[in-house]
Amino acid sequence: MQRKALWLAAAGAMGIVAGCATLQSGPKEMTFFVTSVNPGKGGDLGGLEGADKHCQSLAQAAGAGHRTWRAYLSTQASALAGTDFVNARDRIGPGPWQNIKGEVIARSVDDLHSAGSNLNKQTALDEKGQMVNGRTEKPNMHDILTGSRPDGTAFPGKPFPDMTCGNWTKSGAEGVAMVGHHDRSGLTPDPWSTSWNSSHQSRGGCS
């Protein structure tokens, strides 16, 4: 995948991963970033554990490895596999979150998922402090993997469609993932089109 995420990071045909956020707050330290690279297996991030490790590794390289980092990703329940669902909003602590420049993204979980969230192209920087390409730039990298609904909660599990690339274990044509737009830009001004965490299904499966 080639797109970014909160992990926020998504990838290749889909995006990078999602966004990464810390469980701890700190007024002068980076507590949120969009991943600069994807692990390289499309929607297969090694599950939530693998996604978290990727966030931690990127944060470590950026000098912020002393904090515990989590990927902003939801999973869906599967009675067959005996798994429960996980909400992305429940994985990232209470906030506030700021980027590497100290710009506040959101002050609380509710703020992050509100219309007043300050997450946009100018503030959704990667762990190196670099701006991520938006919809009008080449290559377009504004899709971010989240697998989440607008309020940061998980989609229902089976018999409903898979929205998480098999809970972040699929990398082929099968399956899809819900993505958002980190630049808050879409083909229309509708809220779903400009949502940072729940805009549309990935195109091209999970490759």
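1. The model is predicted. Two aromatic pairs are present in the structure. Phe-33 and Trp-69 make up a tilted pair, with 4.8 Å from centre to centre and 55 degrees between the planes. This pair links distant parts of the chain, since Phe-33 belongs to strand S4 (residues 32-34) and Trp-69 to strand S5 (residues 69-71), 36 residues apart. Both Phe-33 and Trp-69 are buried.

2. Tyr-72 and Trp-196 form an aromatic pair that is also tilted, at 5.0 Å centre to centre and with 55 degrees between the planes. Here too distant parts of the chain are linked: Tyr-72 sits in the loop between S5 and strand S6 (97-98), and Trp-196 in the loop between strand S9 (178-181) and strand S10 (200-201), 124 residues apart. Tyr-72 is buried, as is Trp-196.

3. An open sheet is formed by three strands in the order S8-S9-S10, with antiparallel pairing. Strand S8 (143-145) and S10 are at the edges and have a single partner strand each, so one side of each has no neighbour in the sheet. Between S8 and S9 the antiparallel pairing runs over three bridges. Within the sheet, Ile-144 is placed opposite Gly-180 of S9.

4. The loop between S9 and S10 contains Ser-185. Ser-185 and Ser-199 are 14 residues apart along the chain, and their C-alpha atoms are separated by 9.9 Å. If residues up to four places away in sequence are not counted, Ser-185 touches Arg-135, His-142, Ser-193 and Thr-194.

5. Where is Arg-91, and is this residue buried or exposed? Arg-91 is in the loop between S5 and S6. Its relative accessibility is 8%, and because buried means under 20%, Arg-91 counts as buried. Its side chain makes a polar contact of 2.6 Å with the side chain of Asp-52. Apart from neighbours within four places in sequence, Arg-91 is in contact with Leu-23, Leu-48, Asp-52, Arg-70, Ala-71, Leu-73 and Val-86.

6. The count of disulfides is two. One of them joins Cys-20 to Cys-55, with an S to S distance of 2.1 Å. This link of Cys-20 and Cys-55 is left-handed, with -75 degrees about the S-S bond. Cys-20 is part of strand S3 (residues 16-22) and Cys-55 of helix H1 (residues 47-61), so the pair ties together parts 35 residues apart in sequence. Cys-20 is buried, its relative accessible area being 0%, and Cys-55 is buried with a value of 0% as well.

7. Another disulfide joins Cys-165 to Cys-206, S to S 2.1 Å. The torsion about the S-S bond of Cys-165 and Cys-206 is about -100 degrees, so this disulfide is left-handed. Cys-165 lies in helix H3 (residues 165-168), while Cys-206 is in the segment after S10, so the pair ties together parts that are 41 residues apart in sequence. Cys-165 is buried at a relative accessible area of 0%, and Cys-206 counts as buried at 0% relative accessibility.

8. What is the pairing when the bonded cysteines of the protein chain are numbered in sequence order? The pairing is 1-2, 3-4.

Notes
Residues numbered from 1 in each chain as written. Predicted model: local features only at pLDDT ≥ 70, side-chain atom pairs only at ≥ 80, totals over all residues. Heavy atoms only, no water. Phe/Tyr/Trp six-rings, centres within 6.5 Å; stacked < 30°, edge-to-face > 60°. Helix = DSSP H or I, 4+ residues; strand = E, 2+ residues; numbered from the N terminus. Buried < 20%, exposed > 50% of the residue type's maximum accessible area, 1.4 Å probe, protein only. Pairing = 2+ DSSP bridges. Contact = heavy atoms within 4.5 Å. Polar contact = N/O pair within 3.5 Å; in protein donor to acceptor, adjacent residues only side chain to side chain. Disulfide = S-S within 2.5 Å.
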